[in-house]
Every structure is written in C-alpha cells, then in structure tokens.
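The following exercises are meant for a reader who is meeting this structure for the first time. Please consult the sequence and the model while working through each solution.

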Amino acid sequence: MERINKIKVKILPYIGIFCFLNLWEILPRLGVVDAQFLPPFSTVCLAIQTLWQDGILYTNTIISLWRVLIGLLLAIFIAVPLGFFLEVFSPEISKRLDGLFNLLSHVNPFSLAPLFILLFGIGEKEKLAIISLSAVWPILFHTITGIRSVNPILIKTGRSMNISTGVLIKDILFPGALPIIITGIRLGVQMSMFMLIAAEMMGAGAGLGWLVHNSAMVYQIPRLYAGGVFIILLGMSLNKIILWFQTYSWFWQERTGVAEQTHIKRRHKQVSSVAVFCFMFIFSGVLFFGGNEVHKINTQVRTLPMNHDMHQHSAGMEKGAETTEPQKAYVPNFKADEDKHK
Amino acid sequence: MAENTIERIEEKKDKIIAKNIRRVYQIKATENNAGHEFEAIKELNLVVKQGELLAIVGPSGCGKSTFLDMLAGLEKPTSGEIFMDDKKITGPALDRGIVLQGYALFPWRTVRKNVEFGLEIKKIPEKERYAISERYIDLVGLSKFADRYPYELSGGMKQRVAIARALAYDPDVLLMDEPFAAVDAQTRESLQEELLRIWEKTKKTIVFVTHGIDEAVFLADRVAVMTANPGTVKEIVTIDLPRPRDGIRSSAEFGWVRHKIWQLLQNDTESAVKEGIGNTDVAGSIAPTASL
C-alpha cells in the first residue's frame with residue numbers, strides 16, 4: 001500500500017504534462033486545430049528522430065550548449081568576484097549601488113543587441129556578450145544577497161580569531177553564500193537560455209534558435225516544433241543539474257517546518273567524487289566538441305558569406321529526403337511528411 | 001574558609017585590567033529627535049584574576065556584551081584602556097577564545113572540522129590538528145559525534161562543540177557571551193556542570209557574561225554586577241561557596257547570595273541594600289534580612 005502511495009506521489013506532478021501531450025496529439029488529428037500549424041505530437045517526435053539521425057540536432061544542440069556555458073562562465077567569473085569585492089571591501093558603496101543593479105537587471109539585454117552588433121559585429125562575440133550580460137545581473141545580485149545573509153555570528157567568531165580577509169572569504173563568506181549564489185546562477189541560466197535563442201534567431205548560422213527560425217522560414221513546421229521541444233528539454237536539464245548542485249550545497253541547512261514533517265530524506269552529505277568527475281567530463285566534452293562545431297560553423301560562414309542560411313547545413317538537410325528545395329516545395333513536402341507518418 | 005577563598009583570589013595575578021572604560025554611541029538625528037550621544041558604558045573598572053571564573057550579570061542593555069566584545073578586541077572603547085598581561089588589547093587574537101550566544105558553528109563543517117578551525121588559522125599541521133581536536137572533542141564528551149554536521153546535533157551539543165573549538169587553539173582566556181541562553185533549563189544545568197569540570201581541568205581564566213543570577217552564582221568565583229544607563233560595574237560579589245558545587249543550588253547559602261545579587265539588580269537607588277556590603281562576607285551580612 002505504501003509503495004503504491006509512493007508511486008502515486010512520484011507520478012502526480014507529471015499528470016499535467018501527460019494530458020497536455022495527449023491533447024497535442026488528439027486535437028490536430030481530430031481536426032479541431034489546423035494540423036498544418038500544429039502537427040500532432042507524434043509527427044514532431046518523428047521530426048526529432050529524423051533530425052537526430054541526420055546529426056543536425058546534435059550539431060545545433062551542442063553549439064547552443066557551448067554558447068550558454070561559455071556565456072555563463074564569463075558571467076560567473078565577472079559577477080562572483082565583483083560581488084565579493086563590493087561586499088567585503090566596500091559595503092558602503094555596495095549599498096549605494098543596490099538601486100543601480102536593480103535597474104540594470106531590468107534592462108533587457110536583447111534590446112541592446114544592436115549596440116552589441118556595433119561593438120562586436122554579428123558573430124560569437126556578440127552572442128556571448130548578450131548571454132553573459134543577461135546572466136551577470138542575477139548572479140551578481142544573488143552573490144551580494146548571499147554574502148549579506150551569512151549569519152553574522154559566524155563572521156564575529158571568525159573575526160575573534162583574527163583571521164585574514166582571504167580566510168574570511170574562503171572559509172566563511174563563500175561557503176555561507178554558495179547556495180544563494182547557485183540560485184543566482186540558476187536564474188542566470190534561464191535568462192541566458194531565453195536570450196540565446198533570440199540571439200540565434202537573428203543572424204546566426206547554427207544553434208537551436210537558428211534551427212527553429214530556419215524551419216519557420218522554409219515552412220518545415222514539424223521541425224520547428226522539434227527545435228522548440230529540444231530547447232525546452234535543454235533548458236530543463238540545465239536547470240535540473242544546477243538544482244542538483246544547489247540541493248547539495250544546502251546539505252548543511254537546518255530543516256524546519258514543512259520539509260521536516262514530510263519525511264523527505266536528506267540527500268547524501270556531499271557531492272560524491274564520481275558525480276563530480278562525470279560532470280566535469282561531460283562539461284569539458286561539451287566545451288571541446290561545441291567549440292569544434294562553432295569553429296567549423298564560423299569558418300564556413302566566412303568562406304560562404306552569401307546565402308549562408310540556405311547552404312549552411314545543406315549536407316545535413318539533403319539527407320532528410322524531400323528537403324532539398326525548401327522554398328519551392330514547402331507545401332508538398334509537408335504533405336509528404338504527413339503521409340510518411342500515417 | 002570564606003576568608004581563605006577571598007585571600008586566594010586576591011593573591012592571584014591580575015590577568016585582565018580594564019581601566020575607566022567609556023563607550024559612547026552617536027544617535028543619529030531623526031525627524032523627532034535631535035542627534036545626541038548615548039553613553040552605553042561609563043567608568044567601568046574591572047580586574048580579572050589569573051585562573052578565576054568571573055561572571056558578569058546585569059540587565060539587558062547594560063553593556064555587558066559590548067564589554068565582552070571589547071575584551072575580545074572586536075570593539076574599541078571610546079576612552080579607557082584594557083590590558084591583558086600588561087599588554088594593551090588593540091584587536092582580536094588567538095590568546096582569547098570566544099563562545100557566543102546562539103549556535104556559532106560553521107554549519108558546513110563537521111564537528112571535528114569546526115574544532116580544528118582555529119588550529120587551521122594557527123597553521124598547525126594536519127596530523128597535530130587531528131590529535132588536538134580529538135582531545136578536545138573527547139573533553140566535551142562528543143567523541144561519537146566527531147564526524148557529524150551541526151544540523152545533526154542538539155542545542156546543548158552544539159554549544160559544547162563551540163566550547164571545544166574555543167579551547168582547541170589554547171587561548172589564555174575564555175570569553176563567554178550568554179553561551180547557554182538558547183538551551184532548555186535542564187541542558188543548561190548539565191552544561192554548567194560540564195563547564196566547571198572543563199575549567200578545573202584546563203585552568204583557564206573565564207569571563208562569563210549572563211543574565212541568569214543562578215548561573216552566575218553557581219559558576220563563578222566572583223560576580224560583577226552591572227547596572228544600566230550608563231553601564232558600569234556596581235559591585236563585585238565574591239562567591240565563597242565551596243567547590244565542587246554539584247547540588248549546591250538548594251542550599252541556604254546559595255539562596256542568600258542569589259538574593260543579594262537579585263536585590264542589587266532590582267534597585268540601584270535603594271541605599272539600604274548597598275549598606276554594609278563590601279567585598280567581605282556576603283552570607284553573613286545578608287543572612288539576617290534574607291527571607292528565602
């Protein structure tokens with residue numbers, strides 16, 4: 001009985017998703033919505049499969065992932081030290097800058113895109129700058145909040161032992177603020193994912209945003225949804241990974257109230273070294289292969305400056321059966337897709 | 001017996017001497033009030049003897065915690081000087097250990113790592129660190145919990161870890177700021193007994209700030225009674241109750257001394273209470289009037 005209950009609790013949050021996907025499948029098939037603009041979910045799945053087999057999905061996903069990670073790393077390396085510097089060395093100035101940071105965090109970096117294009121041109125630098133800028137504010141803000149939320153008794157204890165500022169930061173402020181900094185990083189990832197997709201839609205040669213945009217341009221609706229679904233999956237899994245880090249970084253937190261009563265089991269005390277190794281492995285893999293792909297794309301763009309939207313991935317697309325002449329054949333092509341899936 | 005105790009304490013070397021301590025806070029001007037000075041501590045003179053356990057009691061806001069912070073070197077007096085071993089205290093150092101109110105353990109460190117914190121600061125090599133922390137964790141009776149994290153400990157255990165951490169880097173003086181205020185009554189009593197045991201073993205000088213009269217009388221050799229507005233030491237009461245003091249709480253002598261300090265705190269202006277009480281035999285002077 002308890003086991004059934006457990007399973008119920010586990011399934012519960014996903015019922016909504018399940019219903020939604022079913023509706024997505026049924027409504028277009030019944031003709032309630034126009035299948036041309038909203039192809040059934042199974043069609044989208046097949047489009048994902050085709051894209052995967054052609055390697056297009058891999059290339060674009062890893063390029064997007066590379067951009068997000070590099071942008072995020074840049075943001076972390078700027079925001080976290082800056083936050084510590086402001087809070088530790090000049091808290092008075094930091095207090096006066098609160099309002100400014102708040103204002104700047106509401107600036108939509110995408111609205112500054114033209115400025116970035118002027119500064120960096122259309123290319124990786126411009127995209128990375130947009131991504132970093134959108135992630136810098138939440139991380140900086142949370143770093144400062146995190147440091148301020150460190151229990152003052154701990155700081156007092158440290159000071160009574162006459163510790164240096166370096167030790168204060170390393171042994172007291174940083175571990176104390178880390179969970180909140182990670183919250184900031186999580187928000188930063190969300191922001192930068194949104195910004196990345198937008199940046200890729202306007203003037204990129206590859207990436208998931210480009211895939212969606214390009215699919216729309218060539219009227220490949222299932223492929224458009226496939227790209228969309230993959231963007232969601234990517235965003236969710238990044239979020240999950242960071243959430244996982246956050247739970248671990250909070251392992252020492254005293255549980256009070258509801259969490260204590262629901263008998264949620266405490267996770268392992270600290271991140272196991274195996275998990276860290278796996279994470280580092282995947283992380284460096286993404287950086288390496290993503291960097292490779294990005295380099296390829298950019299050299300291609302440079303050698304084929306004209307019509308790169310059409311020819312960029314021509315090799316990959318030709319494999320995808322009837323997609324050779326997208327502009328001419330968009331309607332029949334779509335029908336052919338439909339037939340295939342029936 | 002009583003005379004002997006007094007003499008013993010008087011004979012001891014002066015460890016800490018606080019001279020004419022004054023602390024003034026500037027109150028910022030608001031709409032209703034003009035800015036003014038607030039005198040938190042005034043003319044505070046106090047001598048702490050080598051190896052004694054001195055308790056400071058006083059109403060809240062009398063500046064006793066502020067004074068302890070000054071001893072720790074975390075705050076500076078507006079005027080006046082504090083000397084420890086004839087050297088002026090100018091800032092915090094590892095020759096004074098501090099145990100604060102509330103649970104000041106680093107929650108992301110195990111008990112052992114918490115105890116080792118001060119040793120890390122002292123740059124003691126890891127092996128020695130381990131041996132020292134082992135000894136002090138054992139001293140506070142938490143050997144079984146050495147690898148636990150603070151969230152797994154009860155309030156009393158946490159304070160024992162805090163004491164072990166303060167002792168581990170071997171300071172001359174242990175400063176305690178209402179360390180047992182947050183634990184329940186029973187735990188508090190056992191912690192007090194434990195503190196006495198540790199004190200007798202380690203022979204540290206301890207300055208113990210509290211607002212509990214019982215606690216002060218039970219623990220201390222001498223109790224400094226402070227008054228508020230402005231905060232100053234009104235009276236130093238020598239507690240010549242015999243040690244060990246287990247079970248002494250129910251004795252009549254304990255009640256008398258307790259009552260005397262209570263009266264001192266009750267009413268500053270009552271001159272009757274002040275009469276005839278010096279650093280002499282407390283129980284003797286109080287006994288006729290005490291009705292406990």
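**Exercise 1. Determine how many salt bridges cross the interface of chain A and chain B, and describe the surroundings.**

Step 1. The rule finds 2 salt bridges across the interface of chain A and chain B, a salt bridge being a side-chain nitrogen of Lys or Arg within 4 Å of a carboxyl oxygen of Asp or Glu. This is a predicted model, in which local features need pLDDT of at least 70 and side-chain atom pairs count only at pLDDT 80 or more, while totals for chains, interfaces and linings use all residues. Residues are numbered from 1 along each chain as its sequence is written, chains are lettered from A and ligands numbered from 1 in the order in which they are written, and side-chain values use heavy atoms, with hydrogens and water left out.

Step 2. D171(A) forms a salt bridge with R109(B), with 3.6 Å between the closest N and O atoms. A network of salt bridges links K170(A), D171(A), R109(B) and E120(B).

Step 3. On the side of chain A that touches chain B, the elements giving two or more residues are α8 (152-160) and α9 (165-201) of chain A; helices (H or I, at least four residues) and strands (E, at least two) are DSSP runs, numbered from the N terminus. The largest share, 6 residues, is that of α8(A).

Step 4. The residues on this side of chain A are 9 nonpolar, 6 polar and 6 charged. In this division, Ala, Val, Leu, Ile, Met, Phe, Trp, Tyr, Cys and Pro count as nonpolar, Asp, Glu, Lys and Arg as charged, and the others, Gly among them, as polar.

Step 5. In total, 21 residues of chain A are in contact (heavy atoms within 4.5 Å) with 28 residues of chain B. The area buried between the two chains is about 2300 Å², and carbon and sulfur atoms give 66% of it; buried area is the accessible area (1.4 Å probe) that two parts lose on being put together, summed over both.

**Exercise 2. State which residues touch the most other members of the largest nonpolar core.**

Step 1. A nonpolar core is a set of buried Ala, Val, Leu, Ile, Met, Phe, Trp, Tyr and Cys residues joined through side-chain atoms within 4.5 Å. Buried means under 20% relative accessible area, exposed over 50%, and partly exposed in between (1.4 Å probe, protein chains only).

Step 2. The largest core has 116 residues, and M176(B), V223(B) and I261(B) touch the most other members. Helix α4 (residues 56-89) of chain A gives the largest share of this core, 12 residues.

Step 3. Leaving out residues up to four places away in sequence, V223(B) touches several residues, including A55(B), V57(B), I236(B) and I261(B). Another core, of 30 residues, lies apart from the largest one; among its members are V48(B), L54(B), V209(B) and A224(B).

Step 4. In soluble globular proteins, nonpolar side chains tend to be buried together.
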